[in-house]
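Q: I would like to learn how to read salt bridges in a model. Please take me through them.

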Amino acid sequence: MEVLAYLWLLHDDARRAWVVDPGDPAPIEAALEARGLSLSGVLITHHHFDHTGGALQLAERYNCAIYGPGNSPFEGITNPLEDGAALALGGTPFTVLAVPGHTLDHIAYYSAEAGLLFCGDTLFAGGCGRMFEGTAPQMHGSLARLAALPGDTAVYCAHEYTLANLRF
């Protein structure tokens with residue numbers, strides 16, 4: 001499975017693709033067209049607009065499902081997911097991890113088989129997401145849960161804050 005940026009676009013050998021947290025549909029549409037891919041699904045980690053802004057347009061254009069947290073205020077989710085739910089993206093198994101703290105509806109997508117974690121705004125290089133709705137104990141628990149994953153897990157966070165986090 002190849003992972004491409006913006007935000008994160010995964011695809012398999014059958015030219016099927018899935019996008020994680022598409023705030024803007026235009027770069028996703030351009031990437032799909034440039035690579036000859038067909039969008040099979042949209043994965044949402046939480047309800048903030050910079051993660052959902054392009055979801056409805058993409059789902060309508062490509063007639064695909066929107067996966068996301070079952071307790072989300074974002075009303076476009078067609079396939080609600082709970083902690084521990086399993087889904088396969090092109091034959092690659094993923095498990096849903098509830099990781100509240102940044103928001104109460106925050107989830108992450110983890111594939112033990114592929115060693116991939118799509119963690120939205122819960123974890124960043126050198127930091128973590130700001131707590132908008134959750135509590136410090138919730139965020140601590142979520143970070144501990146992610147820290148318990150294998151050390152060779154490739155972490156795909158939703159924003160590039162590395163330099164600012166390291167300066168802090």
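Q: Is Arg145 buried, partly exposed or exposed, and what is its relative accessibility?

A: Buried means under 20% relative accessible area, exposed over 50%, and partly exposed in between (1.4 Å probe, protein chains only). Arg145 has 31% relative accessibility and counts as partly exposed. This is a predicted model, where local features need pLDDT of at least 70, side-chain atom pairs count only at pLDDT 80 or more, and totals for chains, interfaces and linings use all residues. Residues are numbered from 1 along each chain as its sequence is written, and side-chain values use heavy atoms, with hydrogens and water left out.

Q: How many salt bridges are there?

A: A salt bridge is a side-chain nitrogen of Lys or Arg within 4 Å of a carboxyl oxygen of Asp or Glu. By this rule there are three.

Q: Which side chain meets Arg145 in a salt bridge?

A: That of Asp83, at 2.6 Å from N to O. Helices (H or I, at least four residues) and strands (E, at least two) are DSSP runs, numbered from the N terminus. Arg145 lies in helix H4 (residues 136-147) and Asp83 in the loop between strand S6 (79-81) and strand S7 (86-89), so the pair ties together parts 62 residues apart in sequence. Asp83 is partly exposed, at 44%.

Q: What does Glu29 form a salt bridge with?

A: Glu29 pairs with Arg61 (3.4 Å, N to O). Glu29 is in helix H1 (residues 25-35) and Arg61 in helix H3 (residues 55-62), so this bridge ties together parts that are 32 residues apart in sequence. Glu29 is buried, at 13% relative accessibility.

Q: How far apart are the closest N and O atoms of Asp12 and Arg16?

A: They are 2.5 Å apart, in a salt bridge. Asp12 is buried at 7% relative accessibility, whereas Arg16 is partly exposed at 35%.
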